Amino acid sequence: MTHPCLFHRPPSPPMEHQPHLPTSHSNSHSPSPLLGPHHHPRHGGDDDPSYLDDLVVELPQFHFVLAFCNLSYSVWRSRRISCHRIAAADPEQPPAGRRVLLDSITGEVRTGEILAVLGASGSGKSTFIDALADRIERTSLQGSITLNGENLDSGLLKVISAYVMQDDLLFPMLTVEETLMFAAELRLPRSFSASRKRERVQALVDQLGLRSAAKTIIGDEGHRGVSGGERRRVSIGTDIIHDPVILFLDEPTSGLDSTSAFMVVKVLQKIARSGSIVVMSVHQPSYRILTLLDRLLFLCRGQTVYSGPPHDLPGFFRQFGRPIPEGENATEFALDLARELQDTNAGAAALVDFNRRWQNRPSALVAADITPLSLRDVMRISVSHGRLVGSVSVADNVAPASSLQKFANPAWKEVLVLSKRAFMNMRRMPEIFAIRLGTVLVSAFILGTIFWRLGESPKDVTERLGFFAIGITTVFFTCADALPVFIQERYIFMRETAYNAYRRSSYVLSNAIVGIPALILLSVAFAASTFFAVGLAGGGEGFIFFFLIILASFWAGSGFVTFLSGVLSHVVLGYTVAAAILSYYLLFSGFFINRNRIPHYWIWFHYLSMLKYAYEGALQNEFGGESSKCFSRGVQMFDGTSIGSLPMETKVQVLGAISKTLQMNLTSDSCIVRGPDVLQQQSINQLNKWECLLVTVGWGFLFRILFYITLLLGSRNKRR
C-alpha cells in the first residue's frame with residue numbers, strides 16, 4: 001500500500017469537471033497571464049536557457065503540489081466556574097483539558113485547483129486554513145506541510161502566498177483602481193516601471209470583473225461605495241496583485257447573495273487556472289459554486305469526513321449506506337448528515353472511518369504518472385516564466401527560502417507609498433481635520449478671552465501660571481483624537497504585514513510623517529490665537545519658542561496616543577486610559593504641587609510627566625532670561641495677605657518700617673519679584689527652556705519607538 005502522505009493523482013474526473021489547465025508545452029512559452037502582456041521570460045545569469053528547455057520538456061501538468069499530512073492541533077481549555085452553578089455539577093460544561101481542533105488531516109492540492117474546506121460552524125475550517133497559511137505557531141502544530149515534497153518554510157510561504165481574511169479590510173475613501181494601484185506599488189518590485197504596474201492593475205480590474213466600478217470609492221457606513229460582492233473581489237485583488245503561487249481565503253462568499261458568491265468563486269477559478277493553488281473555506285456552497293470546485297475537504301469537529309472531488313460525493317455516500325436523494329444539493333446533504341451524526345453518542349466516527357477506507361481503496365491509490373519536480377526546479381521555471389515576480393535567481397546551492405527577497409521594495413519606497421496613501425485618505429475626509437482644528441481654535445479662543453491681556457501684578461503671575469498649565473494640558477488632551485486612527489487600521493496593517501507587503505518600521509515612519517503637517521497647522525493656530533491675546537512676554541523670539549513648545553507638545557502627545565493605540569484595541573478603553581494618564585501627568589507636572597513638596601516615593605512620576613517639560617519650557621520662556629520685567633512692586637508684596645486690605649497709607653508705613661529694619665530703600669516703585677524669582681518659587685531651576693524643548697521632542701520619538709516595538713510583539717497574527 002502506498003503511503004498516504006506521498007503524492008497521488010486522483011482518478012481522472014469526467015470532462016466537465018476536468019480542470020482546464022494549459023499543457024506543459026504551451027505553459028512553458030507563455031508569460032503568466034496575471035502579469036500583463038509585457039512580462040516576458042527572463043534569461044541570463046543562473047537561468048541557463050538549455051537547462052530550462054530540458055526542464056520544460058519534463059514539466060508535469062501540475063507545477064506545485066501543496067501536501068499536508070496528519071495535521072493536528074489542540075488547545076488547552078480550562079473549566080469556567082459559573083456563579084450560578086457549580087462547574088463540576090454542570091453536565092453541559094465541557095471538561096477541562098486539551099481540546100482537539102484538528103485531528104490527523106491529510107490531503108493535497110495542486111496548481112490549477114481549488115480546494116474547498118467545508119463544515120458546520122466550529123468544525124475547524126478556519127483553523128485548518130490558518131494551519132496551512134502559517135498562522136499557527138509551528139511548535140503547536142503537529143504533522144507536516146510540504147510543497148513539492150519539501151517542508152514549507154515560513155519565510156518562503158510569506159513570499160509566494162497570500163491570505164484573504166473573511167472581513168473586507170480596505171480604506172473606504174480610495175477607489176477600486178487606487179486600492180489596487182497602492183497594492184501594486186507595495187507588492188510589485190521597484191524594477192517594474194510605473195506604466196507596467198498600471199497595466200498590471202488594469203488587467204487585474206478586468207480579470208476581477210470590476211471595470212464598471214473602477215472609479216468608485218470602496219465606501220463605508222457613511223459613504224456609499226461599491227457593492228458587497230465587488231468589495232470582496234477588491235479584497236482578493238489586493239492580495240493577488242503580486243501573482244502568488246498559493247492563495248488562502250477564509251470564507252470569501254460569507255455575507256454575499258448567491259449571484260455575488262458565484263462571481264467571486266468564478267474569479268477564484270480564473271486565478272487557479274492561471275497557475276495558482278487556491279485553498280478556501282466555504283460555509284454552504286450552492287450547486288453552481290460546487291461545479292467550480294476541484295477538491296472538497298469536509299470537516300466535522302476537526303476530523304475529515306470526506307476528501308476528494310465533488311463528483312465522487314454521490315458514490316461515497318451511496319457506499320456508506322446513505323445515498324443522496326435525487327435533486328438534493330450534495331454538500332447540503334453531507335453537512336446535514338455530519339451534524340446528525342455528531343449529535344449522536346458515537347459522533348461522526350463511522351463516517352471518519354469510512355472515509356479512511358475510501359481513501360485507501362485501490363482506485364484512489366494510483367500513483368501519478370509523472371513525479372513532481374523538485375521545489376527548486378519549479379521555482380526556477382516559475383521565475384523565468386513570469387511567476388514569483390519579487391524573486392531573484394534560484395541557484396542550485398541556495399535553499400528556495402533564501403533565494404527570494406523578503407520585501408519587494410526598499411524601506412524608503414514603502415514609506416513614500418504609505419505616506420501617499422495616508423495623505424490621500426486624509427484629503428478625502430477633510431471634515432476630520434476641520435473638526436480637530438475647530439476644537440483647537442475654540443479652546444484657544446476660550447483661553448484667550450479668559451486670560452485676556454494679563455498684567456504684571458502678583459495676581460497676574462498666578463493667572464499666567466494657570467494659563468500655561470491649562471493651555472499645555474489642552475494641547476495634550478486634543479491629541480487624543482488620533483487614538484482611533486491605528487485602531488481602525490490595525491487589521492489592515494496586520495493583513496498587509498503578515499505577508500511582507502512592507503516593513504513595520506516603514507509604517508511607523510509614514511504614520512509620523514503624515515501627521516507632521518497637521519501638527520504644524522494646529523500649533524500655529526493655537527499659538528497665534530493665545531500668545532498675543534494673553535499678552536505673553538518675549539516679543540517675536542518669545543512667540544517662536546512658544547510655537548515650538550506647543551508643536552513639541554502636539555508631537556509628544558500624538559506619539560503617546562499612537563503608542564496607546566498599539567497597546568489597546570478598543571477605542572473607548574483607549575480614551576479612558578489616555579485621559580487617566582494625562583491627568584496624572586498634569587498632577588505631577590509641578591503646577592498643583594511644587595517639586596520640592598512631592599513625596600520622595602512619587603518623585604519618579606514627576607520626571608516621567610511629559611507635561612512637566614512643556615510646562616517648564618513655557619514658563620522659562622515667559623519668566624526666564626535677563627528680563628527686567630517686574631511682577632511685584634512696593635506695597636504689591638502685601639497683596640493676598642491681611643495687610644493687603646489695609647488703607648494705602650498704612651501699607652506705605654509698613655513698607656517703610658520693613659525698609660528700616662532691612663536697611664534697604666524700599667519704595668512703592670521698588671521691584672520685589674522679578675521673573676527669575678517666580679521660576680525659583682516654582683522650583684524650575686534644573687533645565688533651561690531649550691533643554692525642556694528637546695526633552696519634549698524626545699518623548700515623541702520615544703513613544704513612536706515603543707509603538708514600533710508593540711507592532712513587532714503584538715501583530716504576529718499567529719495562534720499559539
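**Reading cysteines and a surface patch**

Modeller: Cys479 is buried, with a relative accessible area of 0%. Keep in mind that this is a predicted model.

Colleague: Is Cys300 buried or exposed?

Modeller: Buried means under 20% relative accessible area. Cys300 has 4%, so Cys300 is buried.

Colleague: How many disulfides does a search of the whole structure find?

Modeller: The general idea is a distance test: two cysteine sulfur atoms within 2.5 Å count as a disulfide. Searching the whole structure gives 1 disulfide. The pair is Cys630 and Cys671, with sulfur atoms 2.2 Å apart.

Colleague: Why is the disulfide of Cys630 and Cys671 right-handed?

Modeller: Look at the torsion about the S-S bond, which is about 110° here, so the disulfide is right-handed.

Colleague: What is the relative accessibility of Cys630, and what is that of Cys671?

Modeller: Cys630 has 4% and counts as buried, whereas Cys671 has 23% and counts as partly exposed.

Colleague: Now the surface. Which residues form a nonpolar patch there?

Modeller: For such a patch, nonpolar side chains are joined within 5 Å. In this structure the members are Phe423, Met426, Leu509 and Ile513, and together they have about 340 Å² of accessible area.

Colleague: Which helices each supply at least two residues of the nonpolar patch?

Modeller: They are α14 (411–428) and α18 (504–534). Leu509, for one, lies in helix α18.

Note on methods. Residues numbered from 1 in each chain as written. Predicted model: local features only at pLDDT ≥ 70, side-chain atom pairs only at ≥ 80, totals over all residues. Heavy atoms only, no water. Patch = residues over 30% accessible without salt bridge, like charges linked within 9 Å, V, L, I, M, F, W, Y side chains within 5 Å. Areas by Shrake-Rupley, 256 points an atom, 1.4 Å probe, with all protein chains shown as cover. Salt bridge = Lys/Arg side-chain N within 4 Å of Asp/Glu carboxyl O. Helix = DSSP H or I, 4+ residues; strand = E, 2+ residues; numbered from the N terminus. Buried < 20%, exposed > 50% of the residue type's maximum accessible area, 1.4 Å probe, protein only.
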